[in-house]
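Let us walk through a protein model step by step. Keep the structure in view as you read.

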Amino acid sequence: NILYFQTQERRYTLTVSTVGQGTVSLSPSPGADGKYPHGASVTLTPQPAAGWDFLSFSIPSPIAMDANKAVTATFNQQHTLTVECVGSGSVIPLDCGNTRSYLPGIPLVLIPSPDVGYVFSQWSGDCSGGLGCPLTVFGNKQVTATFSKATSSPVITGIEPQSGAPGMQVTLLGKGFDSIVLLQKVTFGGKPLFRLFIFLTD
């Protein structure tokens with residue numbers, strides 16, 4: 001007697017679901033029965049909706065079809081940061097008059113950079129505090145950096161004390177500055193002299 005055996009091809013389903021807004025395309029597409037043959041390799045391509053970014057697949061692509069499988073594609077909504085400026089200057093890393101999208105939770109530090117003849121005055125909107133503004137992008141954010149014209153050049157009317165040892169700090173009398181001043185002893189023509197270093201800050 002001759003025995004005949006008929007084997008049935010093993011075929012599997014790949015179920016794709018999404019979190020957030022976006023779609024996923026499959027290559028190759030499943031057969032007419034919605035399944036893939038055993039050993040097929042399926043590549044998943046995410047297609048986020050406008051205003052969303054693709055984050056991850058629960059199973060890395062491509063997927064080897066050796067059983068029924070389910071994969072989840074996660075999309076995150078983009079959050080925007082808008083930077084405006086009043087006066088003459090710029091902001092690092094996102095310059096004035098620009099809007100950029102970020103994934104939620106991205107930490108940033110905004111640094112104002114005044115143009116020549118201007119000084120940074122203040123933040124407004126979603127920033128406050130000193131020169132560096134730490135900001136975490138949750139939700140849409142709007143920030144304004146204000147720059148003001150610099151005052152006139154510092155005017156020095158006197159020094160106290162008028163003599164001292166090298167390395168000591170002295171006080172400048174005048175207006176339009178804060179200062180750190182150091183004295184350094186040098187020798188010129190055989191006579192000891194003092195060189196004055198002045199570090200001005202707005």
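Predicted model: local features only at pLDDT ≥ 70, side-chain atom pairs only at ≥ 80, totals over all residues.

Residues are numbered from 1 along each chain as its sequence is written, and side-chain values use heavy atoms, with hydrogens and water left out.

Begin with the cysteines. How many disulfides does the structure hold? There are two. A disulfide here is a pair of cysteine sulfur atoms within 2.5 Å. Number the bonded cysteines in sequence order, and the pairing reads 1-2, 3-4.

Strands are DSSP runs of E with at least two residues, and helices are runs of H or I with at least four; both are numbered from the N terminus. The torsion about the S-S bond of C85 and C96 is -55 degrees, and the link is left-handed.

C85 has 22% relative accessibility, so it counts as partly exposed. C96 is also partly exposed, because its relative accessible area is 21%.

Now turn to C127 and C133. Their sulfur atoms are 1.8 Å apart and form a disulfide. The S-S torsion is about -90 degrees, so this disulfide is left-handed. C127 is buried, at 4% relative accessible area. C133 is buried too, at 1%.

Next comes a sheet. Strands of a sheet pair through backbone hydrogen bonds, either parallel or antiparallel. In this model, three strands form an open sheet in the order β2-β8-β6, and the pairing is mixed. Why do β2 (14–19) and β6 (52–57) stand at the edges? Each has a single partner strand, so one side of each is left without a neighbour in the sheet. The twist averages 25 degrees from one strand to the next. For such angles, axes are lines fitted to C-alpha atoms (for helices, over the stretch in contact), and angles run from 0 to 180 degrees between N-to-C directions.

Two strands pair if DSSP finds at least two bridges between them. β2 and β8 run parallel, joined by six bridges. Within this pairing, V16 has V71 in β8 as its bridge partner. β6 pairs with β8 (residues 69–77) in the antiparallel sense, over five bridges. Look for D53, which stands opposite N76 in β8. S56 has T74 in β8 as its bridge partner.

Now find I111. This residue sits in strand β12 (residues 106–114). I111 is partly exposed, with 36% relative accessibility.

Finally, look at two peptide bonds. The bond from S27 to P28 is cis, with omega near 0 degrees. P28 sits in the loop between β3 (22–27) and β4 (36–37). Another cis peptide bond joins S61 and P62, where omega is about 0 degrees. P62 is found in the loop between β6 and β7 (63–64).

Methods: Buried < 20%, exposed > 50% of the residue type's maximum accessible area, 1.4 Å probe, protein only.
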